[in-house]
Amino acid sequence: METYPITIGGVTRHVPLIEPLPGRRIPLVEFLGDPELVRAAAQALKPLVPAGTEVLFTTETSPIPLTHVLAEEMGLPYVVARRRRRPYMEDPIIQEVQTLTLGVGEVLWLDRRFAEKLLNQKVTLISDVVSSGETMKAMERMVLRAGGRVVGRIAAFRQGTPALEVLTVAELPVL
Ligand SMILES: O=P(O)(O)OC[C@H]1O[C@H](OP(=O)(O)OP(=O)(O)O)[C@H](O)[C@@H]1O
């Protein structure tokens with residue numbers, strides 16, 4: 001399999017090149033199962049988290065370990081939007097995402113008991129990769145609907161040109 005070198009926080013990985021859409025190849029970053037890469041990325045992102053942030057907000061799946069380590073480092077709580085409805089969810093916030101990266105629409109779910117943790121809080125959005133920015137837009141909408149305020153948008157990698165301003169520490173090519 002063809003690979004591509006990615007580096008963040010001084011750590012390099014040779015990751016697979018995938019072709020989610022014909023003629024558009026992208027490196028597939030994987031934080032799951034790679035504590036060294038997660039720690040390096042979290043250290044690199046730490047200075048970008050705005051002072052005054054009270055809660056971090058992320059989505060399933062791959063940004064979870066990154067957000068967890070960052071939260072632990074900074075002594076902050078975090079909330080995770082799910083990508084599937086779980087049977088125990090009560091009165092969830094349901095938010096549609098149009099992500100061009102995958103070519104299909106997605107839905108994010110946030111159980112009310114976690115939405116309450118965003119109420120009146122200064123929230124920073126965290127992701128592993130931002131591409132179209134549609135996932136971040138949906139996350140921002142969820143925070144607003146939960147009664148919180150977004151003070152920062154941060155991702156480890158930028159790929160292409162997101163539709164909203166996001167702070168990143170590394171770039172991924174579209175080949
Ligand atoms: O800016 P966008 O175009 O919206 O793309 C970014 C999204 O794509 C990736 O998730 P993915 O769908 O690969 O799911 P995963 O986190 O479960 O791997 C990433 O974690 C963001 O959620």
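Val 129 sits in strand β8; strands (E, at least two residues) and helices (H or I, at least four) are DSSP runs, numbered from the N terminus. With a relative accessibility of 25%, Val 129 counts as partly exposed; the classes are buried under 20% relative accessible area, exposed over 50% and partly exposed in between, with a 1.4 Å probe and protein chains only. The model is predicted, so local features need pLDDT of at least 70 and side-chain atom pairs count only at pLDDT 80 or more, while totals for chains, interfaces and linings use all residues. Residues are numbered from 1 along each chain as its sequence is written, and side-chain values use heavy atoms, leaving out hydrogens and water.

**Around Val 129**
- Beyond its neighbours within four places in sequence, Val 129 is in contact with Val 29, Ala 155, Phe 157, Gln 159 and Leu 172. Contact means heavy atoms within 4.5 Å.
- Thr 53 is 76 residues away from Val 129 along the chain, and their C-alpha atoms are separated by 20 Å.

**The parallel sheet**
- An open sheet of 5 strands runs in the order β5-β4-β8-β9-β10, with parallel pairing. Two strands pair if DSSP finds at least two bridges between them.
- β5 (78-81) and β10 (167-172) are the edge strands; each has a single partner strand, so one side of each lacks a neighbour in the sheet.
- On average, neighbouring strands of this sheet are turned by 20° against each other, direction ignored.
- Strand β8 (residues 122-130) runs parallel to strand β9 (residues 149-159), and 8 bridges join them.
- Ser 127 stands opposite Ala 155 in β9.

**The antiparallel sheet**
- A second open sheet has 3 strands in the order β1-β2-β3, and its pairing is antiparallel.
- β1 and β3 (24-27) are at the edges with a single partner strand each, so one side of each has no neighbour in the sheet.
- From one strand to the next, the twist averages 40°.
- β1 and β2 pair over 6 bridges. Tyr 4 has Val 15 in β2 as its bridge partner.
- The two strands β1 and β2 make a hairpin with 2 residues between them. In that turn, Gly 9 has a positive phi of about 55°.
- β2 and β3 pair over 3 bridges. Leu 21 is opposite Arg 24 in β3.
- Helix α1 packs on this sheet, touching β1 and β2, and its direction makes about 95° with that of β2.

**Helices α1 and α2**
- Helix α1 (residues 35-45) packs with helix α2 (residues 63-74) at an angle of about 55°, and their axes are 9 Å apart. That makes α1 oblique to α2.
- Axes are lines fitted to C-alpha atoms, for helices over the stretch in contact, and angles run from 0 to 180 degrees between N-to-C directions. Under 35 degrees is roughly parallel, over 145 roughly antiparallel, 65 to 115 roughly perpendicular, and the rest oblique.
- On the α1 side, Val 38, Arg 39, Ala 41, Ala 42, Gln 43 and Leu 45 meet Pro 65, Leu 66, Val 69, Leu 70 and Glu 73 in α2.
- The buried residues of α1 are Leu 37, Val 38, Ala 40, Ala 41, Ala 42 and Leu 45. They pack against β1 (3-8), β2 (11-21), α2, β9 and β10.

**Thr 67**
- Thr 67 lies in helix α2. Thr 67 is buried, with a relative accessible area of 0%.
- Neighbours within four places in sequence aside, Thr 67 is in contact with Leu 56, Thr 58, Tyr 78 and Ile 126.
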